[in-house]
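Here are a few notes from going through the model you sent over.

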Amino acid sequence: MAADGEKQQGHRPGIYKQKNKGHKHGKHRTKGEIERENKGRVSVTVLTKKQRKEQKKMDRRHKANQLRKNKKDLVLTEKRRLGSRDGPPHLVVVVSLHAQADSGAITKLLRGEGAGGIVHHDRCISGVSDSFGLILPRFKQRFTFLSQSTADMHSLLDVTKIADSLVFVLDSTEGWDTYGDYCLSCLFAQGLPSYALVCQGVSELPVKKRVESRRALSKITEARFPDARLFPLDSEQDATLLLRHLGTQRQRKLGFRSKRSHLLAQHVTFTPNNPVDSTSGPTGLGTLCVSGYVRGRPLRVDRLVHISGHGDFQLSQIDAPVDPLPLNLTVSRPLKPSKGGDVDMLVGVADGGENEAPVRVLMKADPSNRESLQAEAEVDPMDGEQTWPTESELLEAEEARKKKRVMKVPKGTSDYQATWIVDEGEEENGDIDEESSDDDDDDDDDIMDEAMDKEDGETDSQDPGSCCDSEEEEEEEEVCSTERAGADQRYDEHMDEAAEEEGLKRYREARANEMFPDEVDTPLDAPARIRFQRYRGLKSFRSSPWDPMENLPLDYSRIFQFQSFERTRRRILAEAAAEEDGAMDGWYVTLHIIDVPFSVMESVQSGKPLVLVSLLPHEQKMSVMHVLVRRHPSNTEPIKSKEELVFHCGFRRFRASPIFSQHTSADKHKMERFLRPDAPTVVSLYAPITFPPAGVLLFKQRNDGIQDLVATGTLLSCDPQRVVLKRIVLSGHPFKINRRSAVVRYMFFNRDDIMWFKPVELRTKWGRRGHIKEALGTHGHMKCVFDNQLRSQDTVLMNLYKRVYPRWTYDPYVPAPLTWVKKEGTVEMEDLDME
């Protein structure tokens with residue numbers, strides 16, 4: 001017996017415990033039945049000892065240390081490879097965020113002798129004057145510096161997409177101005193690489209004010225850059241510290257560029273396909289030879305390349321010229337300034353050879369394996385489904401042929417000619433059908449505009465006697481207004497009356513849609529069953545079915561569709577990550593791009609940088625793309641659905657007319673007539689396929705050429721079967737109420753319309769639900785039954801839906817916005833046709 005107060009210990013079976021067979025209950029299940037019932041579950045006794053064995057504490061700690069060390073080594077290898085002998089030069093873009101900040105002084109200080117570097121190439125980027133290559137033997141690194149003006153927004157966005165580091169030049173007192181903050185919003189939206197903040201003029205301040213100035217500037221930069229370090233750049237020692245920081249800082253990965261190989265052109269030549277005319281110069285298509293360092297993934301010759309702002313092209317071959325910026329440079333002559341004041345390019349000898357090595361051809365494209373430039377599907381208009389008519393259809397056609405129409409025709413008209421004569425009633429019906437088949441957006445908006453104009457006219461026509469009572473006051477105002485007439489006239493000279501009227505109209509539409517969402521008036525001059533024949537009612541917007549393949553537009557025959565876009569995306573990105581064929585990352589190559597228009601060379605000659613990216617499979621084909629965006633706080637102008645916008649999606653930029661819809665998890669999505677400022681919105685449009693992740697910027701171009709940032713977001717998916725439904729709401733007024741039944745008027749105006757829409761469910765603004773029971777009379781009164789007592793101040797509503805699609809207005813050409821030019825501390829606008 002156990003002692004008092006002690007508990008008896010339970011028996012714990014060991015590993016050699018006897019295991020008896022299970023009871024045979026007579027069902028005699030087979031092995032397959034047992035596996036199907038278990039659904040993959042495995043008994044604990046079946047598990048192996050290796051899986052059942054638990055690691056000890058020290059083993060788990062050692063394993064975690066190993067994984068941590070491997071990841072750390074991988075990050076260090078990538079960091080050390082950038083700018084080294086095996087990797088591409090460290091690409092640094094200098095951006096000025098204030099009108100008074102001088103980025104040229106920064107680059108001039110970085111190329112000085114005190115920084116410890118050797119300027120090997122002046123103007124190393126083709127077309128960009130303020131660019132140079134820098135070799136630092138002390139750090140065993142090489143850099144490529146490029147000073148990009150914020151005036152050209154397109155070039156700024158293109159260059160920062162492929163930059164390894166950004167150097168933001170700030171003002172010593174204000175940090176950045178309004179336009180600089182606008183540029184930062186665009187850069188943050190598309191993805192910001194590693195950066196450094198630089199300011200000048202701090203050392204010129206008195207010693208007591210330096211700390212206060214740096215503290216105030218740090219407080220300004222905390223909003224945008226919480227953990228950024230501010231570098232003063234007033235001496236060559238400061239330049240050395242900045243270079244060391246740029247070469248050792250952690251690199252931020254951008255998803256849309258790390259999955260694709262990209263290149264910044266350093267040398268560009270153009271060879272026309274046709275002989276050059278001495279009078280007109282090179283025109284038409286030709287071969288563009290672009291030299292530069294491959295970045296990102298390996299570059300394959302059979303893939304398509306996209307030139308930002310110009311389109312997609314094919315490669316013919318890839319060459320391997322001599323690296324113009326070798327790290328083991330031997331200087332043949334001392335550094336001397338040239339006559340123009342710039343530094344001469346040093347003559348370097350790589351690998352100890354005196355003669356340049358001949359250009360080697362790395363690979364040539366195989367026309368049979370090269371990807372096609374086909375962007376749209378080939379449509380055969382005769383390739384439709386044709387069925388043989390049934391016997392009942394043949395009998396109906398025979399009876400219809402026997403029933404002849406009796407109509408008046410001119411004398412001498414044959415039977416064949418008479419069949420082409422249309423009655424007046426049929427012609428009117430045909431016109432109505434054509435009008436109803438058009439887009440209903442404009443019709444609904446015109447109805448709203450007329451209603452708003454009537455209200456304004458009523459308010460203007462009130463109180464007609466007030467004009468006679470205030471004649472003396474008007475004479476006094478005319479005398480006083482002569483002094484302001486000159487100023488008002490000068491102010492009106494810069495005002496565009498057409499733009500003002502358009503803005504007022506758009507504002508009224510947005511306000512009416514906000515006050516009465518989706519409500520439209522039933523037309524008086526046309527039957528509602530004809531006007532709204534493309535709409536249908538839904539019992540439940542969430543659960544009612546809608547076939548996504550029903551009544552597709554003709555534009556859907558031109559696009560491509562994936563059976564599973566997400567599965568294809570994972571497969572293609574995995575194959576791209578495992579590729580080892582082609583020009584590797586860090587190689588200096590020359591790409592031969594065929595059938596390129598001469599406008600690309602003109603863009604380079606005008607001073608714009610040239611950015612190339614290798615496209616993944618299927619990324620040149622058109623489909624329906626969806627983008628999730630949020631309205632930018634700086635823009636308050638109403639943006640209507642199907643309005644032309646400028647898109648910056650990944651490395652592409654184009655113009656398109658999208659539609660807006662709600663971001664929900666259902667299989668149907670409600671269309672938004674205007675871009676909402678308070679909620680995320682899905683933007684659907686016809687565009688080339690792009691695999692996410694990719695940042696998206698939406699701009700709206702004004703009539704004067706300025707492009708305003710409207711919204712920012714990310715690429716969502718590619719899904720042509722996403723159902724976007726436009727809703728219209730027909731409203732009626734309860735005329736007589738008798739408990740649950742009521743007589744409703746002003747929703748329809750004839751009996752046939754009531755019988756046509758009788759199956760559609762009704763609802764009220766106060767939450768009642770009901771249906772149409774019968775029509776009363778011939779003027780649109782109807783008896784309705786609801787689920788509860790109806791209030792006299794309530795409004796009866798009927799929801800109707802139809803599927804909508806974006807407009808096919810895709811245009812890869814985007815005109816350059818107004819160029820911002822700095823003059824004497826101010827910012828002015830110049831209209832320069834850069835493209």
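1. Let's start with S185, which sits in helix α6, spanning residues 178–190. Keep in mind throughout that this is a predicted model.

2. Is S185 buried or exposed? Its relative accessible area is 9%, so it counts as buried, the cut-off being under 20%. The S185 side chain has a polar partner there: the side chain of R224, at 2.9 Å. Once neighbours within four places in sequence are set aside, S185 is in contact with R224, H632 and L709.

3. Now the chain as a whole. It has 20 helices and 33 strands, and 43% of its 835 residues are buried. Among contacts with a separation of 6 or more, 76% join residues 24 or more positions apart.

4. The largest nonpolar core takes in 71 residues, and F168, F647 and L698 have the most contacts inside it. Helix α6 gives this core its largest share, six residues. Another core, of 26 residues, lies apart from it and includes F270, L315, A365 and L591.

5. F168 deserves a click of its own. Leaving out residues up to four places away in sequence, F168 touches V95, L97, L184, L187, L192, Y195, A196, L197, V198 and F225. F168 also belongs to a cluster linked by ring pairs, together with W176, F188, Y195 and F225.

6. How do the rings of F748 and F757 have their planes, and what is the pair called? The planes are at 10° and the centres 5.2 Å apart, so the pair is stacked. Both partners are buried: F748 has a relative accessible area of 0%, and F757 has one of 3%.

7. Last, two charged residues over rings. R558 lies over the face of W808, 3.8 Å from the ring centre. K621 lies over the face of F560, at 5.0 Å from the ring centre.

Notes:
Residues are numbered from 1 along each chain as its sequence is written. This is a predicted model: local features need pLDDT of at least 70, side-chain atom pairs count only at pLDDT 80 or more; totals for chains, interfaces and linings use all residues. Side-chain values use heavy atoms; hydrogens and water are left out. Helices (H or I, at least four residues) and strands (E, at least two) are DSSP runs, numbered from the N terminus. Buried means under 20% relative accessible area, exposed over 50%, partly exposed in between (1.4 Å probe, protein chains only). A polar contact is a pair of N or O atoms within 3.5 Å; within protein, one must be able to donate a hydrogen and the other to accept it, and residues adjacent in sequence count only if both atoms are side-chain atoms. Contact means heavy atoms within 4.5 Å. A nonpolar core is a set of buried Ala, Val, Leu, Ile, Met, Phe, Trp, Tyr and Cys residues joined through side-chain atoms within 4.5 Å. Rings of Phe, Tyr and Trp (its six-membered ring) pair if their centres lie within 6.5 Å; planes under 30 degrees apart count as stacked, over 60 as edge-to-face and the rest as tilted. A charge sits over a ring if NZ of Lys or CZ of Arg is within 6 Å of the ring centre and within 35 degrees of the ring normal.
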